[in-house]
Amino acid sequence: MKLDTSGLESAEPVWATFNELADGFSAAPSFELPNTTDFDGFQKEAIQMVKPAKGTTTLAFIFKEGVMVAADSRASMGGYISSQSVKKIIEINPYMLGTMAGGAADCQFWHRNLGIKCRLHELANKRRISVTGASKLLANILYSYRGMGLSVGTMIAGWDETGPGLYYVDSEGGRLKGMRFSVGSGSPYAYGVLDSGYRYDMSVEEAAELARRAIYHATFRDGASGGVASVYHVGPNGWKKLSGDDVGELHYKYYPVMPSTVEQEMVEVAGA
Amino acid sequence: MARYDRAITVFSPDGHLFQVEYALEAVRKGNAAVGVRGADIVVLGVEKKSTAKLQDSRTVRKIVSLDDHIALACAGLKADARVLINRARIECQSHRLTVEDPVTVEYITRYIAGLQQKYTQSGGVRPFGLSTLIVGFDPYTGVPSLYQTDPSGTFSAWKANATGRNSNSMREFLEKNYKETSGQETVKLAIRALLEVVESGGKNIEVAMMTKEHGLRQLEEAEIDAIVAEIEAEKAAAEAAKKAPPKEP
């Protein structure tokens, strides 16, 4: 499939006309194969080397009042925590959000590129792009780079004419429509809390609390997640950041410290 | 003036692109075509030059569909039309694939007009010799639209328009007689405009109507004849009323 480099090109070359005069389709690019005995094995190794583990927890779900999006803020390089304050929820435009999991640079660049494409669509067609369309644009781009080492596990959440929309898109080229998703190394823990507490008829506050708790529990058990639990809500008028709580402080909010009885006994014994 | 024909990428000193203007001439020699937009319906009508006896008239369809909700009629070089229509149909499906939504009428019109313009700004090619009338319904809002493109690549939306042979007379008629109509009234208006320049009769015109619910439907010859008969009757009645003023005491 032809690589979609439309995000990187500035102007269409004039010579492209001659291609289109033929029949509108262009031939796929071809690559030289490296000299190895086991090409498939070599490919697998190469991909494993480039593919960083998606150390993060992000989640999003659709409910009665719109879409709730939440994420942690830790970036790790192996066992080293490189940052506790990464913005993993990317604001594509005032009514669409993207989450970051995988390679930070890949996510940031392609989300910004998606924002450009969405804006161009708006200008050309005098109407906002749908969440379906935006997620499909991103999925097509990622698919054309399949096997080249991009690492993106993102959710596109937004509100369009058809109501709230949520799609999961990844660098393997997959694209799924759904009501609840969690992406990243902490996602199993987040799913546990999210799935057991989810109801479609929640208020915005209840949904925000569920999202916050799910992220907290994931950061508690997963070493690659931590920092600040950010929660965003996407409603008919666009997205709004609801909260950003440090998960350390959240821990003591959920599990406040009780004075233990052992100390009191020891005081009594000393007195006697 | 002859010197500026050859390569169309060249402007003449007084700012003309002669190849484009010659293409418009080709359109003016093509069959008459009319399009009318109603409140809930869009109608396309095309003049059918008499079919040869041995020709299978079903294979000569002048009003074609680009997608479930978009149809096109054109005036000019039919071979150019075939190429343009194929490219437009591919673009309709390509749009459905990339954004999971059908095209809007404006989008596909912009695409066709863009294609026509490209061929006015390249070396070694000539412009498409046709003007198109594109009708359809917006897939989201259900609003009907009628657009026209021409060989220069310009396009605009219309309430009613005509192109091809004697298009000026048809347009004058439409300007005088246009009013907001719906359903059968719109079909009648389109046929009345065509009858201004075409010999009357179901076998000389091809009419198609499109509604949001039922999509594109070509009218049968018998149906067209019936409507033509209605129109003639109305005309006769109007003439009679004019000739005999009501006698009031």
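Leaving aside neighbours within four places in sequence, which residues is A:T56 in contact with? Keep that in mind as you open the viewer, and remember that this is a predicted model.

**Stop 1: A:T56**

Select A:T56 to begin. You'll land in the loop between α2 (39-50) and β1 (58-63) of chain A. The UniProt record, an unreviewed entry, puts its "active site" annotation on A:T56. Now show the residues around A:T56. Leaving aside those within four places in sequence, A:T56 is in contact with A:D72, A:K88, A:M100, A:A101, A:V183, A:G184, A:S185, A:G186, A:D222, A:A224 and A:S225. Pick out A:D72 from that list: its side chain makes a polar contact with the side chain of A:T56, at 2.9 Å. Is A:T56 buried or exposed? Its relative accessibility is 2%, so A:T56 counts as buried.

**Stop 2: A:D38**

Next, go to A:D38, which sits in the loop between α1 (16-22) and α2 of chain A. With 45% relative accessibility, A:D38 counts as partly exposed.

**Stop 3: A:H121**

Jump to helix α3 (residues 104-125) of chain A and click on A:H121. Buried means under 20% relative accessible area. A:H121 is at 18%, so A:H121 counts as buried. What does A:H121 touch, not counting residues up to four places away in sequence? Show A:K126, A:R127, A:R128 and A:I129 to see them.

**Stop 4: two helices, α6 and α7**

Still in chain A, colour helix α6 (residues 204-221) and helix α7 (residues 247-254). Their axes lie 10 Å apart, and the helices pack at an angle of about 105°. That makes α6(A) roughly perpendicular to α7(A). From α6(A), show A:E209, A:R212, A:R213, A:Y216, A:T219 and A:F220; from α7(A), show A:V247, A:L250, A:H251, A:K253 and A:Y254.

**Stop 5: over to chain B**

For the last stop, select B:R82 in helix α2 (residues 78-99) of chain B. Is B:R82 buried or exposed? At 56% relative accessibility, B:R82 counts as exposed. Select B:V64 as well, 18 residues away along the chain; the C-alpha atoms of B:R82 and B:V64 are separated by 9.9 Å.

Terms used. Residues numbered from 1 in each chain as written. Chains lettered and ligands numbered in written order. Predicted model: local features only at pLDDT ≥ 70, side-chain atom pairs only at ≥ 80, totals over all residues. Heavy atoms only, no water. UniProt positions renumbered as here; feature names shortened; annotations may be inferred. Helix = DSSP H or I, 4+ residues; strand = E, 2+ residues; numbered from the N terminus. Buried < 20%, exposed > 50% of the residue type's maximum accessible area, 1.4 Å probe, protein only. Contact = heavy atoms within 4.5 Å. Polar contact = N/O pair within 3.5 Å; in protein donor to acceptor, adjacent residues only side chain to side chain. Axes fitted to C-alpha atoms, helices over the stretch in contact; angles between N-to-C directions. Parallel < 35°, antiparallel > 145°, perpendicular 65-115°, else oblique.
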